[in-house]
Amino acid sequence: MPAARVIARLDVKGPNLVKGIHLEGLRVIGDPQAFARRYYADGADEILYVDIVASLYGRNNILEVVRRTAEAVFVPMTVAGGLRALDDVRDALRSGADKVAINTAAMVRPELIREVSEAFGSQCMVLSIQAKKIGPDRWEAYTDNGRERTGRDAIEWARRGVELGAGELLVTSVDREGTQKGMDLDLLRRITAAVDVPVIACGGVGTPEHARQALTEGGADAVAVASVLHYGKHGIGALKACLAQAAIPVRTSA
Amino acid sequence: MRSAPTIVVVDYGRGNLFSVCQAVAKVGGAPELSADPAVVRAAERVILPGVGAFGDAMEGLHARGLDDAVKAFAATGRPLLGVCLGMQLLLGASTEFGDHEGLAILPGHVDRLPTPVPGGRDKIPNVGWCRLEPVRDGVPWSESIFRGVKPGDFAYFVHSYAAHPDPGHRLADIEFAGAPACAAIAAGPVAGCQFHPEKSGEVGLAIVDAFVNRL
């Protein structure tokens, strides 16, 4: 049985690690490699790099950051942001990434999910879903960092994505992202009940208790955390110690 | 001072070879990516990586003449490490997407992981960090690539299929769906890890170190 994973999420704009609230209002935090190395040493189970401007401007300069990180960071890395075609995925994997997370391009052309999973294995095809609550028990999938509506029901989209070959889902609550006010547990419950692949919960962790809730009540397999790490509020080690105390299996040695 | 041991990493157009090479370099080895059968045959040590489907990987090897080269290399008795799908390829056959023959360097076959109970934490693909445990009547860790590993250490797995090697070649297991699943194999100079040592933190680096510098 795999341990629950704590994933360090690093949003990257150009050469900088940045962080916003609700995926907007960015602040520069520092050098992404330095932060990734520290999180690795602290016991992060994975690194998630998100190129937050790639799908806006069609740029993809994050691979250099990934390459340099891979020299010193020996845990899985996922790259998200602006990946549109099989060649983009191949370039990411060649740069040291193990998985790619795709949102916009899969929304535009869902067959991309199948193509990526057939070419590189479903394990490397993570479907990124940005979900915004639009009513009682209803969520809409968004693209472009929560800016663009798609009209798609997020739960249905999750199910469809897995049918097409997604090996994992990265589920970000647009409402909670960057708020540190806790994760959208209803959303997580609905998605983890709808699919049988691992689900990474993202958006809203402000305390170890929030992570615990996502992993137990929400049924998630992993939590991705950003703000609390970057601002030094809680370290990975402290988060994991709290999870272990709550009897959630976590990897304890680095 | 002796020079850094050269590790030939077999490049047959699949997988994240960059990270394997980085891990080899990190422990003081000199990684050399190669798709040349002659280079593989003449190597001191070889890593056979692999991500994706079994049949597709065998085709990739065969198209480059690398299947025979890896077999010939293994026959020399020099150290060979299969990683993830690369470990599975060392065995005789797999049932992934139809029946496929493997390199048959070691006896055994590859089959889908047992179906886990729905709603539990075990899922297929099995993605994440699992605890490595020694195997009763299997290979002892002290003289193997696991010499730096402690029972219960975590390693990073991504797989839907599992190896069923000769019981005497079993080096480590994980628990999946309530039963042991093969995590690593060893037979003399040939070894394999179902997990990704290059992505398994310091535990993984200790394994790569043992292969590069000690085996």
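**Exercise 1.** At what angle do helix H1 (residues 17–26) of chain B and H6(B) pack?

*Solution.* The model is predicted: local features need pLDDT of at least 70, side-chain atom pairs count only at pLDDT 80 or more, and totals for chains, interfaces and linings use all residues. Residues are numbered from 1 along each chain as its sequence is written, while chains are lettered from A and ligands numbered from 1 in the order in which they are written.

Step 1. Helices are DSSP runs of H or I with at least four residues, strands are runs of E with at least two, and both are numbered from the N terminus. Axes are lines fitted to C-alpha atoms, for helices over the stretch in contact, and angles run from 0 to 180 degrees between N-to-C directions.

Step 2. H1(B) and H6(B) pack at about 70°, and their axes are 9 Å apart.

Step 3. Angles of 65 to 115 degrees count as roughly perpendicular. H1(B) and H6(B) are therefore roughly perpendicular to each other.

Step 4. Two residues are in contact if their C-beta atoms, placed from the backbone, lie within 7 Å. H1(B) contributes Ala23(B), Val24(B) and Lys26(B) to the contact, and H6(B) contributes Gly204(B), Leu205(B), Val208(B) and Val212(B).

**Exercise 2.** Which residues of helix H1 (residues 32–42) of chain A are buried, and what covers them?

*Solution.* Step 1. A residue is buried if 20 or more other C-beta atoms lie within 10 Å of its own, exposed if 12 or fewer, and partly exposed in between; C-beta atoms are placed from the backbone.

Step 2. The buried residues of H1(A) are Pro32(A), Gln33(A), Ala36(A), Tyr39(A) and Tyr40(A). Seen down the axis of H1(A), they fall within an arc of 125°, so they line one face of the helix. The arc is that of the directions from the helix axis to the C-beta atoms.

Step 3. Their cover includes strand E4 (46–51), helix H3 (62–70) and helix H11 (236–245) of chain A.

Step 4. Just after H1(A), Gly43(A) has a positive phi of about 105°.

**Exercise 3.** How many residues has the largest nonpolar core?

*Solution.* Step 1. A nonpolar core is a set of buried Ala, Val, Leu, Ile, Met, Phe, Trp, Tyr and Cys residues joined through C-beta atoms within 7 Å.

Step 2. The largest one has 167 residues, and Leu169(A) is among those with the most contacts inside it. Its largest share, seven residues, comes from helix H6 (residues 201–214) of chain B.

Step 3. Beyond four places in sequence, the contacts of Leu169(A) include Val126(A), Ala158(A) and Ile191(A).

Notes
Parallel < 35°, antiparallel > 145°, perpendicular 65-115°, else oblique.
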